[in-house]
Number of protein chains: 2
Amino acid sequence: MTVHRLSPEILSAIEGAVGQNGVAADPAGMAKYLGDWAGDYRGNALAVLRPASVAEVQALMRLCNELGLGVVPQGGNTGLVSGAIDSKGGLVVVSLERMNAIRQIDTENFTLQADAGCVLQTIKDACEARDCLFPLALGAQGSCQIGGNAATNAGGVNVLRYGMARDLILGLEVVLADGELWNGICGLRKNNSGYDLKQLFIGSEGTLGIITGVEVKLFPKPAKTETAYLGLASFEAAVTLFNRARRECSDLISAFEIIGSECIELARLIDPGTRAPVSAPVQVLVELSSSAAIDLNALLAGFLGDALESGLVTDAVLAASTAQARSFWAIREGLVEGQAKRGYHVRTDLSVKISDIPALIEQARRFVAYDHPGWIPLAYGHAGDGNIHFNVLPPAELAEHEARARGAEVIAGLYEIAVGLGGSISAEHGIGRSRRQEFWARLSPTHRRMVAALKSALDPKGLMNPGCLLPETETFR
Amino acid sequence: MTVHRLSPEILSAIEGAVGQNGVAADPAGMAKYLGDWAGDYRGNALAVLRPASVAEVQALMRLCNELGLGVVPQGGNTGLVSGAIDSKGGLVVVSLERMNAIRQIDTENFTLQADAGCVLQTIKDACEARDCLFPLALGAQGSCQIGGNAATNAGGVNVLRYGMARDLILGLEVVLADGELWNGICGLRKNNSGYDLKQLFIGSEGTLGIITGVEVKLFPKPAKTETAYLGLASFEAAVTLFNRARRECSDLISAFEIIGSECIELARLIDPGTRAPVSAPVQVLVELSSSAAIDLNALLAGFLGDALESGLVTDAVLAASTAQARSFWAIREGLVEGQAKRGYHVRTDLSVKISDIPALIEQARRFVAYDHPGWIPLAYGHAGDGNIHFNVLPPAELAEHEARARGAEVIAGLYEIAVGLGGSISAEHGIGRSRRQEFWARLSPTHRRMVAALKSALDPKGLMNPGCLLPETETFR
């Protein structure tokens, strides 16, 4: 059974839980919570609720549990898989945006605690001001929230060195489906005591509870950063280069991004003056960082010198200034913004073994060229993680509804290619609602049973983000 | 209901599952599986079963599930908390020792797959021969098995740089309580696709399934290693030094071990010629490693020069040869072996915030001196993780049974001190049976309910390692 509207009695009970300021039930007030950043999805909700404290989240969940009312937890709403946007209606959105304080920064122990709704950039800035680094770095960092980063196990450009959100999280505080609070924040670096419950919630996309607080690891702020932009003849060469870089640059590589030259044009949509520093079919943005005591410039220059001499790299520009390094990153960031500006496009987030990257790109390009002529393939991504965003732009003249219909076929074909190589259809963006069917269909029966058993164990009534990640089930008793 | 013996029919069914060679039910054949490495525990079992393949583990678990027969999964039996030793009887031990092959080493993608029963040292050696590093490093590495490392989330001396076993594991293969196989090995570095099921089994100490295969991350073998042995005036100084080292040595510190000078005598029980390279109340063993392109010797020498000049370090010896570096490590390893040679002693595995290490040690020493005069406190551990093994030797003249009774009081007191500082009673060794009560008593009701819900979800009959980690429940229908 689906609830179609909230009765005045229920609305008033909800106001009792989160206060009048915490409730929006009119279309205008709800609008900004019901559309995603990329403009791909529009959602519905009975109301958008914005609790201002852990106690309010608990009161709200106790009420929802009593009513059998399903909730969609929402962070900065920058996800790309419709994990926080539900189009069916009958649910309430719970936005964490009012719970946005940094609770504590402990520079002696390199830890930080924050409310779930704290914006990632706010955390990064606060750390930087204290000579620390919180290394999670992604395009949406100005809007995404740390609770959402945890719930979706966010990735980004620094995963190679520092790991996914999962690897950076020391503790979580979570309100469960029945309103109970689980406090798993303890300030310790090492605590091997039974089931590591936080792991359940990381990457569970709001389907097991509402994360209200997060504790993360910090790192010393690197004193030195060196950035280079390289040209190579092929993706094979890029993979070989990465392997050499791993061996020769110790653990100091913080990013190794690969960009097919066809992507550069997109960055020009954002800044028409954009010019790649090299002209080569495959381009690599590599960044190293370290403390002051290491001659990082010599390390990178020596490595690149050898790579140029051996012919592995055909062209290399080592940034001579911070401004030049920024201009390299502007290309990488501009191509993402540029493709968003083009409107609807096929967006993927594939991963394969690093050594299979060239095969993935080659097969994907061939597939698009043969089966979908006129569509424009773009290959870029976090090569050091085996993660390629192989995206495809529809022909400019195609009407959007036609492009979307055809785009679904393009996506299906690309998924087949990745899976055929033993890869994943979700390297970092998650499953949400948009990839749920493709994801679920590929799981073994045993895997499905385990997922369902966990879901039932922690959310027996199916109230938490129904329709996300797992197949939809009845959410109202 | 507890089974007291296996009927001939059941024994024959078990032989059908794992073969005659896979069954030992006589005291002599079972002996080596029923005592732990440290000699602290003696166990009982109806039989010790040694399947030789994943299919045999499945057949065995199907049978146990049918019979309602509880199993104790066992790796190298080097754990310190009686996780693989059960004294009650009525259970079968399932040893993975016959499943000991390395399945694959992929040096291009820096991954390795192995059977659960493969000995850690075998894996480390195979990696080294291929110029790779598998960084998990602990005293028991010559006997412990990778499946046990995964099941207990093993720690060790390289956690600081490379993380716990959890951080090194890319995939697991697990036979569930009902004999179903879950294959979570995929060869990918990045795969953010729904609940990360492997996280459940890592650190679950055999209570949710039997790990049969493990996939781990490898690293390039460091070309350079620099080791130094330092003397300091206090634990406060050691914590300050660690903080500086983190900032100044980038991410190249692979170990930062702290040793109270009172521990040196123990190393002499193993090698009477042992002499600490420095004479100071607090001693630190620091190791850095990197690729060939970094002047690691200059980095460490420069850092130590500053630390000496500022008076933070009172004495420092930078190893001039591999042999000298080994001699430093021999002190660290010898003190562990030496205390084992002393027979029964209080062994702890406490963690606190790094900045609380001095308070932990001071309070613990004061407690022992006042409440247990004559007992000899020893403080050493992985300071960079906030993990101190604060152990206490009984007076030499005390009879063992008296020492054990008194030892329980000493442990309780030390746990109170750690918990009072917001710390953990299990930084890395796990809970097992020996810490189960202390652990469980300190959990919140919500935490307990979540643990129990997970246990029921995956092991509804309570067959997996009953009595370990969770309170004992009825294990036979």
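Is A:Lys198 buried, partly exposed or exposed, and what is its relative accessible area? A:Lys198 is buried, with a relative accessible area of 13%. Buried here means under 20%. The side chain is paired. A:Lys198 forms a salt bridge with A:Asp196, and the closest N and O atoms lie 3.0 Å apart. These values, like those below, come from a predicted model.

Over all chains, the structure holds 44 salt bridges. One of them joins A:Lys221 to A:Asp131, at 3.7 Å from N to O. A:Lys221 sits in the loop between β11 (219-220) and β12 (224-232) of chain A, and A:Asp131 in the loop between α4 (120-129) and β7 (132-133) of chain A, so the pair ties together parts 90 residues apart in sequence. A:Lys221 is partly exposed, at 31% relative accessible area. A:Asp131 is also partly exposed, at 42%.

In chain B, the side chains of B:Lys88 and B:Glu472 meet in a salt bridge of 2.9 Å, N to O. This pair links distant parts of the chain, 384 residues apart. B:Lys88 belongs to the loop between β3 (71-74) and β4 (92-95) of chain B, while B:Glu472 lies in the segment after α16 (445-458) of chain B. B:Lys88 counts as exposed, with 60% relative accessibility. B:Glu472 is partly exposed, with a relative accessible area of 34%. Salt bridges with shared partners also form a network, which joins A:Lys32, A:Arg50 and A:Glu97.

The two chains were then superposed. A rotation of 180 degrees, with 0.0 Å of shift along its axis, places chain B on chain A at an RMSD of 0.0 Å. That is the relation of a two-fold axis. Of the interface residues of chain B, 100% are also interface residues in chain A, so the copies meet through the same surface.

The largest nonpolar core has 251 residues. Within this core, A:Phe201 and B:Phe201 touch the most other members. Neighbours within four places in sequence were left aside for the contacts of A:Phe201. Its partners in chain A include A:Ala150, A:Ala151, A:Leu172, A:Val174, A:Leu176 and A:Trp182. A:Leu208, A:Gly209, A:Ile211 and A:Leu458 are also in contact with A:Phe201. B:Met450 contributes a contact from chain B. A second, separate core holds 21 residues, including A:Ile264, A:Leu266, A:Trp329 and A:Tyr380.

Chain A is divided into domain 1 (8-97), domain 2 (102-220), domain 3 (224-341) and domain 4 (350-420). Taken over C-alpha atoms, the centres of domain 1 and domain 3 of chain A are separated by 42 Å.

Helix α14 of chain A spans residues 400-420 and has 21 residues. From its first C-alpha to its last, α14(A) reaches 30 Å, close to the 30 Å expected at 1.5 Å a residue. Its buried residues are A:Ala403, A:Gly407, A:Val410, A:Gly413, A:Leu414, A:Tyr415, A:Ile417 and A:Ala418. An α-helix has 3.6 residues a turn, so residues three or four places apart point the same way. The buried residues of α14(A) pack against β16 (350-351), α13 (357-371), β18 (387-393) and α15 (436-442) of chain A. After α14(A) comes A:Gly422, with a positive phi near 80 degrees.

Definitions and conventions:
Residues are numbered from 1 along each chain as its sequence is written. Chains are lettered from A and ligands numbered from 1 in the order in which they are written. This is a predicted model: local features need pLDDT of at least 70, side-chain atom pairs count only at pLDDT 80 or more; totals for chains, interfaces and linings use all residues. Side-chain values use heavy atoms; hydrogens and water are left out. Helices (H or I, at least four residues) and strands (E, at least two) are DSSP runs, numbered from the N terminus. The expected span of a helix is 1.5 Å times one less than its number of residues. Buried means under 20% relative accessible area, exposed over 50%, partly exposed in between (1.4 Å probe, protein chains only). Contact means heavy atoms within 4.5 Å. Copies are superposed by least squares on the C-alpha atoms of residues with pLDDT of at least 70 in both. A nonpolar core is a set of buried Ala, Val, Leu, Ile, Met, Phe, Trp, Tyr and Cys residues joined through side-chain atoms within 4.5 Å. Domain bounds come from an automatic or database domain assignment. A salt bridge is a side-chain nitrogen of Lys or Arg within 4 Å of a carboxyl oxygen of Asp or Glu.
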